[in-house]
Every structure is written in structure tokens, then in C-alpha cells.
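Have the model open as you read.

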Amino acid sequence: MVTQKIRENIYSVGAIDRDRKLFDELIPLPDGTSYNSYLIKGSEKVALLDSVDPPMYSTLLDNLKNLSVEKIDYIISHHGEQDHSGSIAMLLKDFPDARLITNKKCMSMLMDLLQVPESRFKVVEDGDTVTLGDKTLQFMLTPWVHWPETMVTYLKEAKILFSCDFFGSHYATDELFFDDREILYPAAKRYFAEIMMPFRTSIRKNMEKLKDLDIEIIAPSHGPLHRPEDFIWDAYKEWSSEAVKNEVVIPYVSMHGSTEVMVKYLEKALAKRGITVKIFHLTESDLGDLAAALIDAATIVIGTPTILAGPHPNIIYAAYLVKVLRPKLKFGSIIGSFGWAGKTVEILADIISSLKLEILEPVIVKGYPKESDFKLLAELADGILARHKELLSDNKI
Ligand code: FEO
């Protein structure tokens, strides 16, 4: 990434990582990502907000050189995760006079993760300010978006909120603002699903805390920046709410076609009943797309064959991800085919038990589905429709 000016003496100096394929060795990155770092030159002091993933440190240094930065007074760390904090130890060596500003929890993490000595820190509390001369940084604790130590910085004079992971997106672009909503909205939604969805309650609380700030720019640490008229604030309100839509998500695997026939039948039966269906053939689909679909769905139906007496391993993996992402889902069921015996339903129901879904009668058939099995699938579709109608009448959909 080339250095980009946001406002007078405020720059984006981070790095774009177009080639990264996975985040946390888990999350697919179809559009790459960026590690946004921001430089603020005040009339008296210079501050750097967050760093970059360590392999991109030379890019950050080059960007600082381009701006003739010889001295940094403060390095602000909003979040201990290494995609933002990982270069801080190197920065502290290269800028020996810099103080590292963060909150107490994050300090403890950075001491553990990066072995930064305590003497380099300046600890701030919620609401504290630090002046750079003609610019004032205000720090606000925003715990659990998505680690316990996360915080944001509000630059009062320029009305910029530096939000770190909050409001981010894994989307690599040279453009500071990216106006193609058709592209950025789904990228931000995937990011929310993969990273923020389990912490909806904290997100709502933190948005409440930030809502009265006069914000002209939100500058996250991944992806493009946002203006007030952009979609991100309203989208976060919707995604973090507990409301679901009249939608069913069906992740499935089929070894010899029997489960697939059932899935396709159920898809048509649900669509006929006016329900939106999103299907994910797990050996081909991107798990990020499945996660994004789970933001809205009221119901999940898992389709799996029985292999070695249990669900297909890809389904176990997906079910575990669904469990840890803690979507708003209200109802669930399991469909599939088996050859002789197994505990497919028990194993899957156990994995997702913490979601406390109402489980509608599973449809598990021996071999290829028969007329009577399709009838059961139609009844399952009826059951889902009835539950969704109840939600609708309760205004929860
Ligand atoms: Fe972008 Fe939680 O790190």
C-alpha cells in the first residue's frame, strides 16, 4: 500500500496483503486483506495507531520513510492480535523513544505475546485523552470486539474513529474509500460473521457507547474506511440484532447422491412455501459464505450421509464452526442417508446442543429416499414454515 493522506497530517501507512489465502489458518480470504496503520502528526507529537502483520513490517517502515517520519512519540495498540500488534516490538526497537499506549488488559497481552517490557507502556483508562498539540486522541474501551482488551481511538478535531477490527472487512484495495457497495457489503458481512457474530451483545453495547460521537470517518484496521452515509453503521445494527429472516441454511455433503436428492427436494419444498433457502455443498463451498448466510437464517438443516457410523467429517467440522460462531438460529434439523447403522443424529445434535435450537424431527433414510421419505421431508418443510410463521407473528423475524 502506498501512503495515503486522509486529512491534513493524518495518513494511512499500513500494508495490503492481496495474496493471503487464510486468516488464523482458518478463515478463507477470497479478497485478501489489509493491515491498516495510521500516522497522526500533531503540532507537538507524532502517533502511530496500530502496526501491521510482521511479514509486512518493511512496507510500514517504507511508508513512514516516505513521510519523513524520524520520531514517533506514541504507538497506540488497540488490540493484542498480531495482525495489528505483531510489528510493535520491532517498532519499539526502531523508535526507541516511543511510548506504547494501550489499556491494562492489552498491556498484559502484549507483554505475553511480544515480550514488551512494562517500562515502554503508558496505560490508559476508558475516556482518557492524550494530546499531540493541535490534536487530541481519546481512548474508549470497547471490550469483546472481538477480544477482551479491544479499544478504539477518537480523534476529536478531525472527527475520525479509529476502530481497529470493529467495522472492518477483509478486502484488499488501494482505495481509501470503496464506493462499490455491491462488493464491499458482502465482504464486510462475511467479516462480521466470521469474527464478530459470537459477540453480538458486546457489539450492541459498544455501538451504544459510540453512537453520540460526532464521526465523519470510521477508519478500521482491515479494508476501506467508511463515511457516515455509507452502509456500515446500519449494517452492524442489523447484523448484531437478534432478528432473523424467513431463511433456511442447508450445509450438506453427499457421497453417492442420496443425501443430495433429499436436500434438493427439501429446497424446492421450502421455496414453494415462500422460504428463502441457501444451500452449501461443503466440499465445494467457502465456509465464509456459509458463515455470512448464518447471520440472517432462522433455521439450519444439516444434510449428511452416514460414514463410519457417524456424520461425514466435513459436516462435523462445519457443525463445530456453527456452534462456535453462535448464530441467531432458532430451529434445526438433520437429513441424510445411511447404509446399515450409525449415530449421525446423536453426534450432530450433541455438537450443536449449546445453540439451544428447537430440533425438528430429523429425516434419516436407509439407502436412496423413497416416496414415504419425501413425504417426511415435505412434513419437515411444513414444520419449518409453521415455526417461521410463529416468529413472524411475534415480530422476531
Ligand atoms: Fe484484525 Fe482481531 O485482528
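**Arg200 and its surroundings**

A polar atom of the Arg200 side chain lies 3.1 Å from the backbone oxygen of Met197. Keep in mind that this is a predicted model, where local features need pLDDT of at least 70, side-chain atom pairs count only at pLDDT 80 or more, and totals for chains, interfaces and linings use all residues. Numbering runs from 1 along each chain as its sequence is written, and side-chain values use heavy atoms, with hydrogens and water left out.

- Arg200 sits in helix H6 (helices, H or I, of at least four residues and strands, E, of at least two are DSSP runs, numbered from the N terminus).
- Arg200 counts as buried because its relative accessibility is 9% (buried means under 20% relative accessible area, with a 1.4 Å probe and protein chains only).
- Beyond four places in sequence, Arg200 touches residues including Phe192, Trp239, Glu242 and Arg326 (contact means heavy atoms within 4.5 Å).

**H6 against H7**

- On the H6 side, Arg200, Ile203, Arg204, Met207 and Leu210 meet Trp233, Tyr236, Lys237, Trp239 and Ser240 of H7.
- By class, that contact has six nonpolar, one polar and three charged residues.

**The core**

- Phe166 and Tyr236 touch the most other members of the largest nonpolar core, which has 57 residues (a core is a set of buried Ala, Val, Leu, Ile, Met, Phe, Trp, Tyr and Cys residues joined through side-chain atoms within 4.5 Å).
- H5 gives this core its largest share, nine residues.
- Phe166 is in contact with Ile203, Met207, Leu210 and Tyr236, among others.

Note on methods
Nonpolar A, V, L, I, M, F, W, Y, C, P; charged D, E, K, R; others polar. Buried < 20%, exposed > 50% of the residue type's maximum accessible area, 1.4 Å probe, protein only. Polar contact = N/O pair within 3.5 Å; in protein donor to acceptor, adjacent residues only side chain to side chain.
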